[in-house]
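Here is a short briefing for a first look at this structure. Keep the view open while you read.

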Amino acid sequence: MERLCVILLLVSKTFIVNAQFNGFNCDANFHSRFPAERDISVYCGVQTITLKINFCPVLFSGYTDTDLALNGRHGDAHCRGFINNNTFPTVVLFSISLSTLEACGNSLVVSMAQGPNAYGNLSLVQIGNIAGYIDTPDPPTVISYLPGLLYKFSCSYPLEYLVNNTQLASSAAAISVKDSNGTFVSTLNLLLYNDSTYVHHLAIPVSGLTLKTRVFAAVKATNLDRRWNVLMDYCYTTPSGNPNDELRYDLFFGCDKDPQTTVFENGKSQMGRFSFEVFRFVKHKNQKMSTVFLHCVTKLCRSDDCPLLLPICGKRKKRNVSERTAVASDNAIMTAGPIITRSDETPTNNSQLAQLNSPPFKMNSVTSALISAIAILAVMSICFFILSLSLLRGKYTPPTPLSGTHNPAFS
């Protein structure tokens, strides 16, 4: 009877485990366990980082594929993986693009290491280490009988490679416009330039741009009728390539404008132009470099209607409420970046700046000879004084007692 109970218990346990793995390529003999470090495979590709997680131990632990997310971003569908049931065992795949490194909270840390430079010589090179983790959410209860799963990963690339492969990736937006002649589609691009001529595209050095470097940006339209102009509603920055990133800094929005931002042209032609000084996000305080992505929300408007869509700021005359309704297209969001900035670790204080800016003091030959003569005379005077004291002491003799008969009365 006892043997029969044991057999029934083993059969029921096997049935439960097989039911748990039902539909997935899992083996109950190998995968009836909690996850281990060997369950994650990391592939550091030239364009993307691919992560493969053995899904069978995840199932055994009581979780599903939707419970796994990058860096705790469980509420963002873009940060979750997808099932691949065409392999054995079944895996959950995550893909991270090098052009949007921090989209799901992945960290980029820059360090120095010994390695070959661009010329093949061994020297100190800058290494960009991309790191993150995949975990399961914490339950809303005080205690839990399910294990918390955590998979860590990292990939290292020469920083020059990351910069060259992610430098100033610019997204284009196709926007359709209806007018009396029908519907046409125009393409908008957000581009970055070195200076106000808007000729040379922005070149970012391997070490990154210094803080407060002025960058010039332009939104350009192609295949656009001359009756339509480009109107930038607002532009802002984020530390990642995700326009919906919770952390953002507005450059201009309505009548509010960053003090270091200058808008040159908006709604007056088929190109919107502005400039701003680069900065770093405080969240990158422990890193030598910071990534900044630029986003602009833009629309097309009739050249006569664009002034009606611009905000009324300051002491400008209010518009007449009876003015006609402006004709404009829908909004489009464009992104450019990353703009990589570097933080100087040893800032110069005011006294150092004053020393650097002041001309160095130089002595001519006459001044040098005069100072030398004074020094020699001073030394000679001291020596002469000491010698005089010595001679005076040598000539002095103490008085001798007088000769005569001793007076006994003084005894």
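How many bridges join strand E19 to E20, and do the two run parallel or antiparallel? There are 9 bridges between E19 (residues 289-302) and E20, and the strands run antiparallel. This is a predicted model. The protein chain has 411 residues, and 34% of them count as buried. Its secondary structure comes to 7 helices and 20 strands.

**Confidence and overall make-up**

- The mean pLDDT of the protein chain is 75, and 68% of the residues reach 70 or more.
- Over residues 4-17 the pLDDT is below 50, and this stretch has 2 contacts beyond near neighbours in sequence.
- Residues 346-362 also have a pLDDT under 50. For them the model has 3 contacts beyond four places in sequence.
- Take contacts between residues at least 6 apart in sequence: 67% of these join residues at least 24 apart.
- The chain's accessible surface comes to about 25,700 Å². Carbon and sulfur atoms hold 58% of that surface.

- E20 spans residues 332-342 and is mostly covered, with 9 of its 11 residues buried.
- Thr210 has Arg342 of E20 as its bridge partner.

**Salt bridges**

- Side chains of opposite charge can pair when their charged atoms come close. The count for this model is 6 salt bridges.
- Glu277 forms one of them with Arg214, and the closest N and O atoms are 3.5 Å apart. This pair links distant parts of the chain: Glu277 is in strand E18 (residues 271-277), Arg214 is in strand E13, and they are 63 residues apart.
- Glu277 is buried, at a relative accessible area of 16%. Arg214 is partly exposed, at 27%.
- Lys212, Arg214 and Glu277 are linked in a network of salt bridges.
- Lys299 pairs with Asp233, again with the closest N and O atoms 3.5 Å apart. Lys299 is in strand E19 and Asp233 in strand E14 (residues 228-238), 66 residues apart, so this pair too links distant parts of the chain.
- Lys299 counts as buried because its relative accessibility is 15%, under the 20% cut-off. Asp233 is partly exposed, at 24%.
- Asp250 forms a salt bridge with Arg248, with the closest N and O atoms 2.8 Å apart. Asp250 is partly exposed at 32% relative accessibility, and Arg248 is partly exposed at 35%.

**Backbone features in loops**

- The peptide bond from Phe88 to Pro89 is cis, with omega near -5°. Pro89 lies in the loop between strand E4 (82-84) and strand E5 (91-97).
- Asn71 has a positive phi, near 50°, in a residue other than glycine. Its loop lies between strand E3 (69-70) and E4.
- Is Asn71 buried or exposed? Asn71 is buried, with a relative accessible area of 10%.
- Lys212 also has a positive phi, near 70°. Lys212 sits in the loop between E12 and strand E13 (214-222).
- Lys212 is exposed because its relative accessible area is 55%, over the 50% cut-off.

- Tyr133 belongs to strand E7 (residues 122-135).
- Tyr133 is partly exposed, with a relative accessible area of 31%.
- Which residues does Tyr133 contact, leaving aside neighbours within four places in sequence? Among them are Ala69, Leu70, Asn71 and Gly72. Leu150, Tyr151, Lys152 and Phe153 are also in contact with Tyr133.
- The C-alpha atoms of Tyr133 and Ser107 are separated by 10.0 Å, and the two residues are 26 apart along the chain.

**A nonpolar surface patch**

- Ile382, Phe385, Ile386, Leu389 and Leu392 make a nonpolar surface patch of about 520 Å².
- Phe385 is placed in helix H7 (residues 365-395).
- Phe385 is exposed, with a relative accessible area of 52%.

Terms used. Residues numbered from 1 in each chain as written. Predicted model: local features only at pLDDT ≥ 70, side-chain atom pairs only at ≥ 80, totals over all residues. Heavy atoms only, no water. Patch = residues over 30% accessible without salt bridge, like charges linked within 9 Å, V, L, I, M, F, W, Y side chains within 5 Å. Areas by Shrake-Rupley, 256 points an atom, 1.4 Å probe, with all protein chains shown as cover. Salt bridge = Lys/Arg side-chain N within 4 Å of Asp/Glu carboxyl O. Helix = DSSP H or I, 4+ residues; strand = E, 2+ residues; numbered from the N terminus. Buried < 20%, exposed > 50% of the residue type's maximum accessible area, 1.4 Å probe, protein only. Contact = heavy atoms within 4.5 Å. Pairing = 2+ DSSP bridges. pLDDT = per-residue confidence, 0-100.
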